[in-house]
Amino acid sequence: MNRILWADDEMDLLRPYVIFLEEKGYDVSTVTNGKDAIDLVQKESFDIIFLDENMPGLSGLETLTQIKAIDPNVPLVMITKSEEEDIMNMAIGNKIADYLTKPVNPSQILLTLKKNIHKREIVTEHTTSTYQQEFRNIGMQISDSLTWEDWVEVYKKLVFWELELAEADNNMDEMLRMQKDEANSTFNKFIKKNYMDWMENPENRPMISPELIKNKVFPLLDKGEKVFLVVVDNFRYDQWLVIRELLSEFFTFTEEETYCSILPTATQYARNAIFSGLMPLQIQQMFPELWVEEEDEEGKNIHEEALLQTQFDRFRRKNTFSFNKIFESSYCQKVIEQLPRLANNDLNVIVLNFIDMLSHARTDSKMMRELANDEKAYRSLTLSWFRHSATYDLFKAIAQMDCKVIVTTDHGTIQVNNAVKVVGDKNVNTNLRYKVGKNLSYNKKEVFEILHPQKAGLPSPNISSAYIFAGKDDFFAYPNNYNYYVSYYKSTFQHGGISMEEMIIPVVTMEAK
């Protein structure tokens with residue numbers, strides 16, 4: 001039973017309201033002054049408190065302040081005869097839950113109770129009921145999805161419900177997870193069936209990594225726009241949605257789209273493809289000095305600025321551009337300080353590596369695993385980072401400039417749970433979601449194999465090299481130390497393979513308000 005405390009010096013006149021609430025199942029305690037209200041709050045707990053603003057002795061505002069010191073979380077509703085603005089401002093400044101003016105009526109009281117102590121259960125009930133109705137429709141969409149556009153719609157719906165159900169207190173999470181697993185299993189089959197055809201027949205495919213700058217950046221530059229291209233590594237569509245609300249204070253979103261990351265959905269391949277405008281094999285053939293092989297020790301993305309220059313040169317573009325890669329807040333602050341100078345460039349590229357570091361830290365750190373133990377917590381950690389980081393300051397500073405901003409990523413990540421055995425020699429790469437090598441042994445039914453890498457625009461370390469990709473929430477594990485390997489990497493966030501989360505990724509164009 002929900003408990004209400006009502007403090008008003010005219011309590012006798014409000015007796016019909018008390019009876020009304022008691023008939024509705026509420027336990028109502030009444031007092032006629034602020035001091036008695038404070039005394040009662042010190043002894044008992046309440047779900048909500050109604051305070052008359054104009055009481056003898058302590059005023060409603062003074063009572064409110066003292067009650068907040070005792071119980072900061074209890075919702076307080078101010079009731080007053082006055083509509084003076086300064087009283088309203090003082091009440092709101094003290095973080096009241098609601099504000100009612102006399103004479104109040106029963107429907108107002110009930111609405112306030114629903115908003116403040118029943119909101120969560122009402123939202124949960126409505127959300128659960130609506131998703132249950134939508135569950136069958138989404139299931140049919142998964143079965144009927146024949147095109148890339150169909151899959152984008154399915155994925156967006158699943159992410160929408162993932163975010164909605166995360167806010168509700170219910171037991172629908174497992175039902176949604178099973179439906180998402182079913183979707184990724186079917187999406188995996190869709191990619192296996194269509195990916196090689198996309199490589200051979202570009203007219204049939206969605207926009208892919210090498211086409212991003214040509215399709216999204218160049219047209220804006222051709223219109224004379226100044227452009228900031230912000231590439232956030234490992235940035236999923238659901239993570240975009242949780243920071244979107246923060247950015248909406250400063251930006252309007254002119255286009256919110258998705259595109260398809262190439263395989264492997266790994267930084268070395270997908271991000272180099274973005275900046276070069278070429279498939280990995282083309283980079284290796286045309287600019288061998290800018291391509292880093294799998295077995296090489298040096299960083300796989302150390303030539304991004306040079307690769308971007310090759311794309312400008314190939315299209316005979318004379319645009320000026322800057323390139324900044326941010327790994328830490330101190331350097332982000334330096335970029336903010338340089339913005340007046342960067343404003344002179346046609347294009348400014350900023351690569352943010354925090355999400356990538358977050359996913360790796362979650363794998364390597366037990367504490368980070370506890371902080372981000374599921375999808376909801378992972379999104380929450382992303383939002384917390386963004387809200388309190390210099391990156392947020394960077395976006396706010398860019399919002400003061402006359403420019404277009406494109407926010408995108410090279411690939412997403414998926415939380416892996418199911419180990420798939422693979423055997424390879426010492427030269428096989430270490431990524432958990434894809435393998436490339438000449439002596440790979442695996443179950444063909446469990447992977448997507450590309451036996452002729454050149455047909456997929458991929459380089460071959462050796463003549464007989466093949467690529468294999470994990471789908472759904474699988475990850476590759478070697479038979480040696482299998483149990484340790486599985487327990488260490490299970491439930492971590494990985495990339496490189498085939499899933500909606502890794503391949504259907506956001507590209508958003510926005511401008512300052």
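This is a predicted model: local features need pLDDT of at least 70, side-chain atom pairs count only at pLDDT 80 or more; totals for chains, interfaces and linings use all residues.

Trainee: Got it. How many helices and strands does the protein chain have?
Mentor: There are 20 helices and 19 strands. The C-alpha trace spans about 90 × 55 × 40 Å along its principal axes.

Trainee: And what percentage of the 513 residues count as buried?
Mentor: The figure is 55%. As for the surface, the accessible area comes to about 23,700 Å², and carbon and sulfur atoms hold 48% of that.

Trainee: What about charges, how far apart are the mean positions of the positive and negative ones?
Mentor: They are 6 Å apart, with 56 positive and 77 negative charges in the chain.

Trainee: Let's go inside. How many residues are in the largest nonpolar core?
Mentor: It has 106 residues, and those with the most contacts inside it are Phe-187, Tyr-195, Trp-240, Phe-275 and Val-405. Helix α7, residues 148-167, gives the most to this core, with nine residues. As background, nonpolar side chains tend to be buried together in soluble globular proteins.

Trainee: Pick one of those. What is Phe-275 in contact with?
Mentor: Setting aside neighbours within four places in sequence, its contacts include Ile-213, Leu-229, Val-231, Phe-323 and Val-351. Glu-304 and Gln-311 are also among them.

Trainee: Ile-213, which helix is that in, and is it buried or exposed?
Mentor: Ile-213 is one of the buried residues of helix α9, which covers residues 212-222. Others there include Leu-212, Lys-216, Val-217 and Phe-218. After α9 comes Gly-224, with a positive phi near 85 degrees.

Trainee: Now strands. How many residues of β8 are buried?
Mentor: Five of its six residues, 321-326, are buried, so to speak mostly covered.

Trainee: Which strand does β8 pair with, and in what sense?
Mentor: β8 pairs with β9, residues 347-352, in the parallel sense over six bridges. Within that pairing, Ser-322 stands opposite Asn-348.

Trainee: Last one, why is strand β1 called largely enclosed?
Mentor: Because four of the five residues in β1, residues 3-7, are buried, the rest of the structure largely encloses this strand. β1 also pairs in the parallel sense with β2, residues 27-31, over five bridges. There, Ala-7 has Val-31 in β2 as its bridge partner.

Trainee: Thanks, that helps!

Conventions
Residues are numbered from 1 along each chain as its sequence is written. Side-chain values use heavy atoms; hydrogens and water are left out. A nonpolar core is a set of buried Ala, Val, Leu, Ile, Met, Phe, Trp, Tyr and Cys residues joined through side-chain atoms within 4.5 Å. Buried means under 20% relative accessible area, exposed over 50%, partly exposed in between (1.4 Å probe, protein chains only). Helices (H or I, at least four residues) and strands (E, at least two) are DSSP runs, numbered from the N terminus. Contact means heavy atoms within 4.5 Å. Accessible areas come from the Shrake-Rupley method with a 1.4 Å probe; for residues, only the protein chains shown count as cover. Lys and Arg count as positive and Asp and Glu as negative; His and the chain ends are not counted. The place of a charge is taken as NZ of Lys, CZ of Arg, CG of Asp or CD of Glu. Two strands pair if DSSP finds at least two bridges between them.
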